[in-house]
Structures are given as C-alpha cells and as structure tokens.
Amino acid sequence: QHWPLAPALARDPPSRRARHDAMVIAEEAEEKGGLWEVVARGGGSSGSRAGGVLVRVEKDLDSPEVGRLAHGALVAELQRCRERLRFTKVAGDGPRHGWVSLKARGVPLLLRAGEPGTAAAAEAASKLAAA
C-alpha cells in the first residue's frame with residue numbers, strides 16, 4: 001500500500017536504513033494526515049521562482065527560511081493549518097523538517113501523493129495502460 005513512495009525512492013535511492021525509516025514515516029503519515037508530493041517546478045509565479053518550494057522554520061510567513069524542497073520530494077504531514085503544512089521529509093532533496101505553503105496565488109505547490117498531477121499517479125496510470 002506504499003505505492004506513492006515508489007517514484008520518489010526510485011529517483012533518490014536511499015540506504016537500507018534510510019529506506020526503512022522512510023517506510024516507517026510513511027506508515028505513520030497515512031494514519032495522521034498523509035503524504036504530500038512537491039509539484040511546483042520553479043521558474044514561474046507560483047512562489048517557487050528559485051526552484052522548488054520555500055521552507056520556513058515556523059508557520060509564520062515572516063519566519064526564517066531554511067531552504068527549498070525540490071520538485072518531486074515526498075513529505076509526511078505532521079500538522080496542517082489552513083494552507084500551511086508542517087512536514088518531515090520522506091524522500092527527495094530539501095530540508096528535513098519545516099513549514100511550507102500548499103498553494104501560492106491559487107497554484108498548488110504540493111498535492112497529496114497519488115492525486116492527479118503527481119509522479120505516483122503518473123506511474124499508476126502507465127502501469128494500468130501497460131496492463
């Protein structure tokens with residue numbers, strides 16, 4: 001039941017221990033709030049001009065920046081407050097923890113893993129087409 005993890009782990013093959021840790025985090029995330037995939041690519045007006053999604057220390061938009069989550073990164077939801085998400089990273093490039101915006105100017109920056117527009121959904125669709 002961890003198919004949303006497969007594309008991210010394939011792109012960024014972790015060590016055996018890191019893979020185990022990612023699976024544990026993913027299982028806990030499914031119980032709490034789910035997994036999210038970064039769909040913002042950067043270069044546009046979606047709040048991700050420098051590439052990826054801006055990560056901050058706190059929920060407040062004025063809190064210090066800690067880096068950016070790269071397109072395709074998979075994160076586990078720890079807390080959600082309106083359009084802000086506190087996460088821990090499961091796979092991909094970027095900070096391990098922090099707060100991100102789910103949308104910028106109405107454009108989605110992250111989608112629930114497996115929703116249309118995510119790598120997991122694309123992989124599932126290609127498997128169905130090949131069957």
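Which backbone oxygen lies 2.7 Å from a polar atom of the side chain of Thr118? The backbone oxygen of Glu115 does. This is a predicted model, where local features need pLDDT of at least 70 and side-chain atom pairs count only at pLDDT 80 or more, while totals for chains, interfaces and linings use all residues. Residues are numbered from 1 along each chain as its sequence is written, and side-chain values use heavy atoms, with hydrogens and water left out.

**Overall layout**
- The chain has three helices and nine strands. Both are DSSP runs, numbered from the N terminus: helices are H or I with at least four residues, strands are E with at least two.
- From the N terminus, the order of elements is α-α-β-β-β-β-β-β-β-β-β-α.
- Of the 131 residues in the chain, 40% are buried. Buried means under 20% relative accessible area, exposed over 50%, and partly exposed in between (1.4 Å probe, protein chains only).

**Thr118**
- Thr118 sits in the loop between strand 9 (110-112) and helix 3 (119-130).
- Thr118 counts as buried because its relative accessibility is 3%.
- Its side chain also reaches the backbone nitrogen of Gly114 at 3.2 Å. A polar contact is a pair of N or O atoms within 3.5 Å; within protein, one must be able to donate a hydrogen and the other to accept it, and residues adjacent in sequence count only if both atoms are side-chain atoms.
- Leaving out residues up to four places away in sequence, Thr118 touches Glu37, Val39, Leu111, Arg112 and Ala113. Contact means heavy atoms within 4.5 Å.

**Glu37**
- Glu37 belongs to strand 1 (residues 35-38).
- Glu37 is classed as buried because its relative accessibility is 5%.
- The Glu37 side chain reaches the backbone nitrogen of Ala119 at 2.8 Å.
- Beyond four places in sequence, the residues that Glu37 touches include Gly72, Leu109, Thr118 and Ala120.

**Nonpolar cores**
- The largest nonpolar core has 15 residues; Val53, Leu69, Val75, Leu85, Phe87, Val100 and Leu110 touch the most other members. A nonpolar core is a set of buried Ala, Val, Leu, Ile, Met, Phe, Trp, Tyr and Cys residues joined through side-chain atoms within 4.5 Å.
- Strand 1, strand 2 (53-56) and strand 5 (84-91) each supply at least two residues of this core.
- Another core, of six residues, lies apart from it, with Leu74, Ala76, Val90 and Ala91 among them.
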